[in-house]
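Please read the points below against the sequence and coordinates.

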Amino acid sequence: HLAAALDHAAGAGTGMNFYNARGRLFSSMRYDEIRARALEQASRMLGMGLRRGDRVGIIADMEPDFITLFFACQYAGLISVPLPVITGLGGRQGYRTQLARVLETSGARLALGADAMLEDLKHAAQDTDTEFVITPGMLDQYAPSDQSLQPLGAHEQSHIQYSSGSTRYPLGIEISQAALMANARSVATDALQLRREERVASWLPFYHDMGLIGCM
């Protein structure tokens, strides 16, 4: 399962680099740092009162926060729902309508996004059952849970992947741990035959299946 994969990667001394639109490195995190932050965030999510299987919407910016929050859900037994970032298509109101539909149909109890996206998330969550709308930094205000973490297992879901909504309303697909891990293994070992010293670069967004599953 995916949490075990990060546990394994954390011992390799490798990690992820993030570049801005000008090609400049703005953040670098080793996998052990991603794992440590994800474990902390997982405990705080449970400290908010979230229960196993609850859905968590996360704005899928190309930022380290998305990666740690996605894995925090894996460690906490929560189902993450990657949410799209705003694009030029449809404008801000169209974007908020799209967010609202995803939050509603997924049943997300918690929604997280960067400071610049918080108002969009709050507006989208108004008529949904989403109880918490916060930034990743605001999550640190919640006390960690005293219960032990039980990561999502090999026979459970991994996350909910939504279609782009470019031709109709976004549709959510439940992705299993087994399907995700089988796909990742097939791409890495059979298709690309990746070796230990190689690097992977991608511009694809994390709310796209090729960006999330194919690369991350």
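1. The model is predicted, so local features need pLDDT of at least 70, side-chain atom pairs count only at pLDDT 80 or more, and totals for chains, interfaces and linings use all residues. Residues are numbered from 1 along each chain as its sequence is written, and side-chain values use heavy atoms, with hydrogens and water left out.

2. Helix α4 (residues 91-106) packs against helix α5 (residues 118-125) at about 55 degrees, their axes 8 Å apart. In the contact (heavy atoms within 4.5 Å), α4 contributes R92, Q93, Y95, R96, L99, A100 and L103, and α5 contributes E119, D120, L121, H123, A124 and A125. By class, these residues are 7 nonpolar, 2 polar and 4 charged.

3. The axes of helix α1 (residues 2-9) and helix α3 (residues 64-76) come within 9 Å and cross at roughly 115 degrees. This crossing of α1 and α3 is left-handed. L2, A3, L6 and D7 of α1 meet F70, F71, Q74 and Y75 of α3, a set of 6 nonpolar, 1 polar and 1 charged residues.

4. The count of disulfides (cysteine sulfur pairs within 2.5 Å) is 0. The closest cysteine sulfur to that of C73 belongs to C215, and at 19 Å it is too far for a bond. C73 is buried (under 20% relative accessible area) at 0%. C215, at 30%, is partly exposed (between 20% and 50%).

Technical notes: Axes fitted to C-alpha atoms, helices over the stretch in contact; angles between N-to-C directions. Helix = DSSP H or I, 4+ residues; strand = E, 2+ residues; numbered from the N terminus. Left-handed = near helix turned anticlockwise from the far one by under 90°. Nonpolar A, V, L, I, M, F, W, Y, C, P; charged D, E, K, R; others polar. Buried < 20%, exposed > 50% of the residue type's maximum accessible area, 1.4 Å probe, protein only.
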